[in-house]
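The model is predicted.

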Amino acid sequence: MHDYSGTQRLLGLGGLAIEAGTLAFLALRLPRRLRRALVRGRSRPILAAAAAGAAFAVLLVVVQLPVSIPAEQRARDFGLSTQDWGGWVADLGKSVAVSMVLTALGAVILMGVIRRFPRSWWALGAAAAIVLSAVFVFFSPVLIDPLFNKFERLPDGPVRSEVLKLADEAHVKVGQVYRVDASRRTTGANAYVNGIGGTKRVVIYDNLLNDFPPDQVASVVAHELGHVKHRDVPRGLLWLAIVAPAGMLVIQRLTERLAPEARLGRGAGPVVLPAAALSIALVSFLLNIPGNAVSRGVEASADSYSLHLYGHPAAFVGMQRKLAVQNVADPDPPGWLQFVFGTHPKTVDRIGYALTWAQDH
Ligand SMILES: [Zn+2]
């Protein structure tokens, strides 16, 4: 298992390095021909920004193929992936199409604010990031997720009754509870909450429902209800609202440093976009580190809520063990990796917490 997650981790870090290298290359060493094309784009800046954004989304996927293909092959070798290459390519095509639209939209908005508000575009950029993220969180469960999976209302039966009973005890309005056909892609198990307002929902992988005993499923559901109870999805947007203004200010300064043309207002064209993309990636990466620390705290408190609501620490521990095995995950990753990338507490710590809880109750 260490063999799997260790190499998979190296491939993931390799992908990140390729992405960083590509962004740095485009921002700092853009080939002359591409540069000229972007400079010419100044005459129709919005259209050119949309085209550059869409092309950029494709490029980032293409340069990562040397790591994403072996990563998929290994997932298949270890029995985690259930897809064939046809399905994998179809998924990749769909995700590229979605990201082309979103990146083009982002580039257009960025180009617009840089030209219109050369001094204060960071503030408008921050406002746009917050509003668009809220729109995305609202619509993605109903518009984007169904492109990749089939979601059906959790059928009547013991699991649904248990979910509703727990939600009732927790006094939470759970929204809808869905079962997703994750098994068409993976043998891994999971559950999550997403959406906001009218699209709020709890989603459970079919693998979890099929392979895990009912008390372990209940323990996962109680954790997800903790997220609903604590309003963690809207709180995630609040976190963004807190960090976005400072983050965008740094992005503006960095972009101006890398591409002085960004100060020219109406004179600025799409040639500033590679510098902006590098700045955004750098700042997002750095902000993700405290963001993940917050996320680990949020996850620990959902675990605590699960034990408070459902109890059954033995089921909780069994579920954590089985999840780590089934998802071929490292239960105890190196500290620096956990510090930078960990969105959840380590499996060993989650189990330790449940054992301590059991002793205290
Ligand atoms: Zn969680």
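## Strand 4 and its two faces

Side chains of Arg201, Val203 and Tyr205 point one way from strand 4, while Val202 and Ile204 point the other way. In a regular strand, side chains alternate between the two faces of the sheet. Residues on both sides of strand 4 are buried. Because five of the five residues of strand 4 (residues 201–205) are buried, the strand is largely enclosed by the rest of the structure.

## Pairing partners

Strand 2 (residues 176–180) runs parallel to strand 4 and is joined to it by five bridges. Val180 stands opposite Tyr205 of strand 4.

Strand 3 (residues 191–194) pairs with strand 4 in the antiparallel sense, over four bridges. Here Asn194 stands opposite Arg201 of strand 4. The hairpin of strand 3 and strand 4 has six residues between the strands, and Gly195 takes a positive phi near 80°.

## Helix 9 and helix 10

Helix 9 (residues 232–258) packs against helix 10 (residues 273–309) at an angle of about 150°, and their axes are 9 Å apart. Angles over 145 degrees count as roughly antiparallel, and helix 9 and helix 10 are therefore roughly antiparallel to each other. The crossing of these two helices is right-handed.

Residues of helix 9 that make the contact include Trp239, Val243, Gly247, Val250 and Leu254. Those of helix 10 include Ala276, Ile280, Val283, Leu287 and Gly291. By class, the contact of helix 9 with helix 10 has 14 nonpolar, four polar and one charged residues.

Key. Residues are numbered from 1 along each chain as its sequence is written. This is a predicted model: local features need pLDDT of at least 70, side-chain atom pairs count only at pLDDT 80 or more; totals for chains, interfaces and linings use all residues. A residue is buried if 20 or more other C-beta atoms lie within 10 Å of its own, exposed if 12 or fewer, and partly exposed in between; C-beta atoms are placed from the backbone. Two strands pair if DSSP finds at least two bridges between them. Axes are lines fitted to C-alpha atoms, for helices over the stretch in contact, and angles run from 0 to 180 degrees between N-to-C directions. Angles under 35 degrees count as roughly parallel, over 145 as roughly antiparallel, 65 to 115 as roughly perpendicular and the rest as oblique. A crossing is left-handed if the near helix is turned anticlockwise from the far one by less than a right angle, and right-handed if clockwise. Two residues are in contact if their C-beta atoms, placed from the backbone, lie within 7 Å. Ala, Val, Leu, Ile, Met, Phe, Trp, Tyr, Cys and Pro count as nonpolar, Asp, Glu, Lys and Arg as charged, and the others, Gly among them, as polar.
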